[in-house]
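Biologist: I would like to go through a structure feature by feature. Please give the general idea each time, and then the case at hand.

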Amino acid sequence: MAENYESNINEIKINFDEKSQKLIEEAFNIAQKGHLNQKRKSGEPYITHCIEVAKILKQLGMDARTIAAGLLHDIVEDTNFSIEEIKSKTDDEVAFLVEGVSYVTAKIFKRKGEKFSDSLRKMFLAMSKDIRVVIIKLADRLHNMRTIQFLDEEKQKKIAYETLNIYAPLSHRFGMQKIKSELEDISFKILYPEQYSQIENKIKEKKGQSENKIYFLQKKIKDELEKNKIACEIYGRIKHFYSIYQKMIRENKILDDIYDLFAIRIITDTVANCYASIGLIHNILKPIPGRFKDYIAMPKTNMYQSLHTTVLDDEGIPVEIQIRTHEMDKIAEDGIAAHWTYKEQKKFDSKLDSYFSWIKQVLELQKNLKEGEDFIKELRMDLFDEEIFVFTPKGEVKEFIKGATVLDFAYSIHSDLGDKCIGAKVNGKWVSFKYELQNGDIIEILKSANQHPTLDWLKIVKTAKAKNRIRHWLKTNNDAKQSIEKGRELLEERLKKFNLSLEKISDDLIEKILINYNFNKLDDLFLSIGFGEISEIKIANNLIRLLKERMDVAKEKIIEQKKYIRGDIIVDSNLSEIIYRFARCCNPVPGDSITGILTKKGISIHRKNCINVKRVSTPLIDVSWNEQVSNYYLSKLKIIAENKTNLINEIITLSNKNSVYIVSMNSSILNGNIKLEFSIKVKTQEDIQKLVDIIRNIEGIKEIKRII
């Protein structure tokens with residue numbers, strides 16, 4: 001064993017028996033030999049990555065075979081070692097885990113069509129046989145993200161996007177909160193550096209104040225609990241940056257309006273003391289109604305248990321408090337790894353059944369979908385962390401993703417009940433099967449022998465199980481001719497929204513679509529849409545993309561005169577009859593880089609860095625500003641300054657002098673300062689910058705920036 005790595009390997013081997021220690025040593029020797037002379041982008045020997053992955057697995061409390069597989073996780077892809085050689089030098093179980101991780105390592109977002117779908121299928125197939133596969137992969141991804149700064153910017157963004165959309169939600173689904181939070185924050189910093197920096201600076205600015213509040217609250221709560229003989233440990237922490245950002249988006253607030261930036265965690269010894277602590281805390285700190293959640297009585301499907309409450313501190317600022325036992329805290333941090341029961345011949349315990357049930361549903365979903373991109377969309381919906389809890393009439397708790405309906409509930413009980421569902425009694429009142437479930441609802445399904453699924457049901461349900469069953473029923477019971485007509489009708493309806501029809505699309509473009517999705521003829525495509533296997537929206541969007549690509553090629557051949565000037569905007573002459581409007585979410589002004597989104601109402605013009613541009617799936621439209629602009633455009637400025645006399649008058653005077661016109665103004669007092677938000681009308685981005693520079697020189701101005 002190389003001397004410079006010996007201390008790391010010895011640290012990993014601690015608390016294992018002699019046989020397990022030899023297995024870890026053998027795996028290390030293979031990894032070191034296989035990765036000899038290989039370097040990471042940082043310049044470090046590649047073996048350091050293998051060791052760091054093994055250390056993360058050790059910290060999670062994983063068994064020796066998992067750690068050995070962690071040391072070897074890249075050996076098959078990056079060296080000449082085969083799975084058979086791994087098997088002969090370690091054992092069958094280690095070799096299986098290494099092979100499983102190599103499937104997961106497929107670069108999901110780089111694959112298209114069949115290869116894309118196949119990579120995902122293999123990933124979940126490996127997980128369905130042994131969940132340790134995904135735990136190793138999460139450890140691998142975590143270390144790669146910790147060292148991502150050594151990659152070029154484009155690659156960093158691709159990996160961060162994949163991490164934020166697949167691996168962070170996966171870690172949440174398996175209850176591994178500590179890994180999830182770190183993956184999210186690193187990805188957030190790479191993908192949204194401006195927003196990350198804004199939050200980071202605000203946290204630094206409030207650090208001393210927040211630490212004092214945390215200390216004061218910890219002491220106040222600890223004194224109260226110890227006075228009542230409840231042993232506890234209390235921790236205060238600043239919330240993760242990405243969770244703060246999500247709250248800003250979810251509640252449509254700016255950072256200054258987010259007050260609960262930190263949380264208190266109380267760890268005690270028994271469940272009884274968890275509930276006793278809640279009562280005592282509510283006696284000394286005012287609880288916010290509707291913000292108490294009991295995840296001890298109703299654990300999440302990832303086995304998370306805790307009591308949550310939000311209280312007001314002495315200044316009236318909301319503070320989130322979590323209360324749980326030591327065991328619950330370990331599960332909350334490490335999730336499925338904390339439940340690990342692989343020892344000798346033991347298998348998974350019954351607590352892990354919900355994981356396997358979910359993975360099987362994902363595999364069934366993949367079988368019933370025609371395209372990989374639809375699969376990833378459905379998968380994300382099941383992965384993300386908004387959940388609600390409802391009850392059967394017998395008091396059984398059921399968990400669903402937010403937005404799930406009565407129909408999802410019916411299918412969760414039994415497929416036949418879902419097929420015949422006509423509605424439900426929710427809390428004693430009749431509702432339709434489209435009703436979205438709310439926390440605490442008691443659901444009693446109503447059914448009819450004459451009811452059966454239709455294609456429209458796929459737009460109502462949210463869960464993989466319900467979608468799978470509806471598609472199965474449609475394929476089994478629907479007449480093929482009827483489904484072909486339905487598929488044609490849906491595609492035509494979608495194209496009509498863009499003033500298109502199948503008749504207007506050339507045969508060669510139709511042929512491209514058929515080849516891309518492996519259909520022999522158009523009726524096969526219609527049939528697949530009619531069965532719900534493929535989305536008419538996806539096909540229409542791809543046809544529009546192909547048309548736009550053809551237009552772009554034509555534009556290169558036909559020169560500048562094909563541009564069409566409409567007021568202050570230049571658009572392609574092919575789109576000259578379509579109306580346009582400026583998006584209010586980002587309020588572009590001349591000088592901003594802009595793009596167009598084709599919508600039902602025309603072209604919506606956004607700034608290129610607008611968050612809604614990043615979210616859209618339809619093709620973007622090439623638009624630009626005319627050299628000469630004649631109109632005024634709306635923008636917004638935020639100013640924080642000392643609260644002094646005549647400040648507002650001074651700002652208004654300077655604005656008027658510089659041909660910037662104030663439309664409206666809001667003001668508030670913030671920590672002794674005055675906070676002003678101005679809606680202004682300008683002709684160009686330069687006008688905004690000029691005004692900002694002038695106002696910044698006014699005495700007492702602490703901050704000024706454009707917010708829209």
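Modeller: Take salt bridges to begin with. A salt bridge is a side-chain nitrogen of Lys or Arg within 4 Å of a carboxyl oxygen of Asp or Glu. Keep in mind that this is a predicted model.

Biologist: How many salt bridges does a search of the whole structure find?

Modeller: The search finds 36 salt bridges. One of them joins E153 to K157, with the closest N and O atoms 3.5 Å apart. Both residues belong to helix α10 (residues 153–173), where they are four residues apart, about one turn of the helix.

Biologist: Which parts of the chain does the salt bridge between D313 and K213 link?

Modeller: The closest N and O atoms of D313 and K213 are 3.7 Å apart. This pair links distant parts of the chain, 100 residues apart: D313 is in the loop between β5 (307–312) and β6 (318–325), and K213 is in helix α13 (residues 207–227). Both D313 and K213 are buried.

Biologist: And where do R265 and D329 lie?

Modeller: Their side chains meet in a salt bridge of 3.5 Å, N to O. R265 is in strand β2 (residues 262–268) and D329 in helix α16 (residues 326–334), so this pair too links distant parts of the chain, here 64 residues apart. R265 counts as buried because its relative accessibility is 16%, and D329 counts as buried at 17%.

Biologist: Let us turn to aromatic rings. What describes a pair of them?

Modeller: A pair of aromatic rings is described by the distance of the centres and the angle of the planes. Centres within 6.5 Å make a pair, and planes over 60 degrees apart count as edge-to-face. By this rule the count comes to 16 aromatic pairs. F433 and W457 form an edge-to-face pair, 5.1 Å centre to centre with 65 degrees between the planes.

Biologist: Why does the pair of F433 and W457 tie together parts that are 24 residues apart in sequence?

Modeller: Because F433 lies in the loop between β10 (429–431) and β11 (443–447), while W457 lies in the loop between β11 and α21 (464–477). F433 and W457 are both buried.

Biologist: What is the geometry of the pair formed by F582 and Y633?

Modeller: F582 and Y633 are also edge-to-face, at 5.1 Å centre to centre and 80 degrees between the planes. F582 is in strand β14 (residues 580–582) and Y633 in strand β19 (residues 633–642), so the pair ties together parts that are 51 residues apart in sequence. With a relative accessible area of 25%, F582 is partly exposed, whereas Y633 counts as buried at 7% relative accessibility.

Biologist: Which residues form one aromatic cluster?

Modeller: The cluster consists of F188, Y192, Y196, F241, Y242 and Y245.

Biologist: Now the surface. Which residues form a negative patch?

Modeller: E485, E489, E493 and D523 form a negative surface patch. Helix α22 (residues 480–496) gives the most to this patch, with three residues. E489 has its place in α22 and counts as partly exposed, at 38% relative accessibility.

Biologist: Is helix α4 (residues 64–71) mostly covered or exposed?

Modeller: Helix α4 is mostly covered, since seven of its eight residues are buried. The buried residues in α4 are A64, T66, I67, A68, A69, G70 and L71.

Biologist: Last, the backbone. What is the phi of N15?

Modeller: N15 has a phi near 75 degrees, a positive value in a residue other than glycine. N15 sits in the loop between α1 (3–13) and α2 (18–34) and is exposed, with a relative accessible area of 75%. N518, which is not a glycine, has a positive phi of about 60 degrees. The loop between α23 (507–516) and α24 (522–530) holds N518, and N518 counts as partly exposed at 46% relative accessibility.

Methods:
Residues are numbered from 1 along each chain as its sequence is written. This is a predicted model: local features need pLDDT of at least 70, side-chain atom pairs count only at pLDDT 80 or more; totals for chains, interfaces and linings use all residues. Side-chain values use heavy atoms; hydrogens and water are left out. Rings of Phe, Tyr and Trp (its six-membered ring) pair if their centres lie within 6.5 Å; planes under 30 degrees apart count as stacked, over 60 as edge-to-face and the rest as tilted. Helices (H or I, at least four residues) and strands (E, at least two) are DSSP runs, numbered from the N terminus. Buried means under 20% relative accessible area, exposed over 50%, partly exposed in between (1.4 Å probe, protein chains only). Patches are made of residues with over 30% relative accessible area and no salt bridge: like charges are joined within 9 Å, nonpolar side chains (Val, Leu, Ile, Met, Phe, Trp, Tyr) within 5 Å. Accessible areas come from the Shrake-Rupley method with a 1.4 Å probe; for residues, only the protein chains shown count as cover. Lys and Arg count as positive and Asp and Glu as negative; His and the chain ends are not counted. The place of a charge is taken as NZ of Lys, CZ of Arg, CG of Asp or CD of Glu.
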